[in-house]
Amino acid sequence: MSNDTQQETTFEVRPTSHPRTREQRAAALIELGFGTVFSDHMAHATWTTDQGWHDRRIEAYGPLSLDPAAAVLHYAQEIFEGLKAYRHEDGTVWAFRPEANAARFAQSARRLALPELSEADFLDSIRQLVRTDMEWVPNAPGSSLYLRPYMFASEAFLGVRAARRVEYLVIASPSGPYFTSGFTPVSIWVAEEYHRAGPGGTGAAKCGGNYAASLLPQQQAYEHGCQQVCFLDAATNTYLEELGGMNMFIVTADGAVHTPALTGTILEGVTRQSILQLVTDAGHDVHERAITLEEVKAGVASGEITEIFACGTAAVITPIGVLKGTGFDLTVGDGAAGTVTNELYGLLTDLQYGRHDDTYGWMTRLV
Ligand code: COI
């Protein structure tokens, strides 16, 4: 396994004076959904143009004090990440490819004119937070401690320019499946009227604004009886891009696996990258390419496309059973999770939960 637990501490632990009791914690960890329960502490550091990053600490989880003029509230200068801490059977706790999240966080920071946080700070904030709140890492099957690092402009200033004061935080949320249905197929609504990102925009950055833009089309998906929305490219309204908060893959009858190529408007998912590696090593033909909605509609209707699935840190791998849009309503395969989707879910989660040797060196021990 890569990366041992020894590293100099930079995030100083300042324990909360009001931790929840063992009984309160046990009650909070029953029947976990996604993103509703939070642990006792959070990581926090501040950046200013004068001092750079400073005051790195692990402190009590609680409300922030923010000036009403804080720039993030007006101009959405904000980025975030999502990764998980997994409890293995022997009680140790591990993160999956956290250095990939650190690298993407730095890329997102550059795009949003925010200061970069070093990989060492990113990893240390996570390590110290998870060590401090290790009792909050659940052990129910399929559960994990979802970690949400984020950064935002806290300077009180209404002019439109990059902020001179910024906060970095990590909060931790013991979580079960993202979709309440778990590993059962979801239905997708293809939005043709709205787009998530355009050429030269922020589509490849993980910033809150991209998700805000997805909310209205996501509501339309619900109105059409679907759980997720799928976006097409803004330039031609032709090619599949991604879902509201996850990437997507298609499997054809010959066992080949296809996913939209990165165009600058698609988020480069860590799970997406890992799946590309896993399917290649499992002997499938893999194609990162432009995929049109028309070919997907025709392929699902003819049976040439046998499986479609979504992937992301929160969603892991989620089968897609139905693809709907204006004038079409198609069931993918027999509507159930397909063979390749099942195979990949097994390969990925076996690695993450330590049931399989980490031959890729993707896991980092936290506790
Ligand atoms: C994740 O998969 O971690 C995401 O960021 C997707 C979503 C919950 C916003």
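A contact here means heavy atoms within 4.5 Å.

Some ground rules before clicking. You are looking at a predicted model, where local features need pLDDT of at least 70 and side-chain atom pairs count only at pLDDT 80 or more, while totals for chains, interfaces and linings use all residues. Residues are numbered from 1 along each chain as its sequence is written, and side-chain values use heavy atoms, with hydrogens and water left out.

**The whole view**

Switch to cartoon. Along its principal axes, the C-alpha trace spans about 60 × 50 × 35 Å. How does the radius of gyration fit a compact globule? The protein has 21 Å, which agrees with the value near 21 Å for a compact globule of 367 residues. That radius is taken over C-alpha atoms, and the globule rule is 2.2 Å times the number of residues to the power 0.38.

The accessible area comes to about 15600 Å², and 51% of it belongs to carbon and sulfur atoms; the method is Shrake-Rupley with a 1.4 Å probe, and for residues only the protein chains shown count as cover. Buried residues make up 53% of the 367. Buried means under 20% relative accessible area, exposed over 50%, and partly exposed in between (1.4 Å probe, protein chains only).

**Colour by confidence**

Next, colour by pLDDT, the predictor's confidence in each residue, from 0 to 100. The mean is 96, and 98% of the residues reach 70 or more. Then select residues 1-8: over this stretch the pLDDT is below 50, and beyond near neighbours in sequence it has 19 contacts in the model. Where pLDDT is low, the predicted coordinates should not be read in detail.

**Around α1**

Select Glu23, which is found in helix α1. Glu23 is exposed, with a relative accessible area of 56%. Draw a distance from its C-alpha atom to that of Pro217, 194 residues apart along the chain: the separation is 41 Å.

Move on to Glu31, in the loop between α1 (22-28) and β2 (41-48). Is Glu31 buried or exposed? Glu31 is exposed, at 79% relative accessible area. Its phi is near 50 degrees, a positive value in a residue other than glycine.

Asn237 sits in the loop between β10 (228-232) and β11 (240-243). Here too phi is positive, near 55 degrees, in a residue other than glycine. Asn237 counts as partly exposed, at 28% relative accessibility.

Then try Gly91, in the loop between β5 (83-87) and β6 (93-96). Gly91 is partly exposed, at 29%. From Gly91 to Tyr61, 30 residues apart along the chain, the C-alpha atoms are separated by 24 Å.

**Last stop: a buried strand residue**

Select Leu145 in strand β7 (residues 144-153). Leu145 is buried, with a relative accessible area of 0%. Which residues is Leu145 in contact with, leaving aside its neighbours within four places in sequence? They include Leu83, Lys84, Ala85, Val130, Trp136 and Pro174. The C-alpha atoms of Leu145 and Ala95, 50 residues apart along the chain, are separated by 9.6 Å.

Methods
Helix = DSSP H or I, 4+ residues; strand = E, 2+ residues; numbered from the N terminus.
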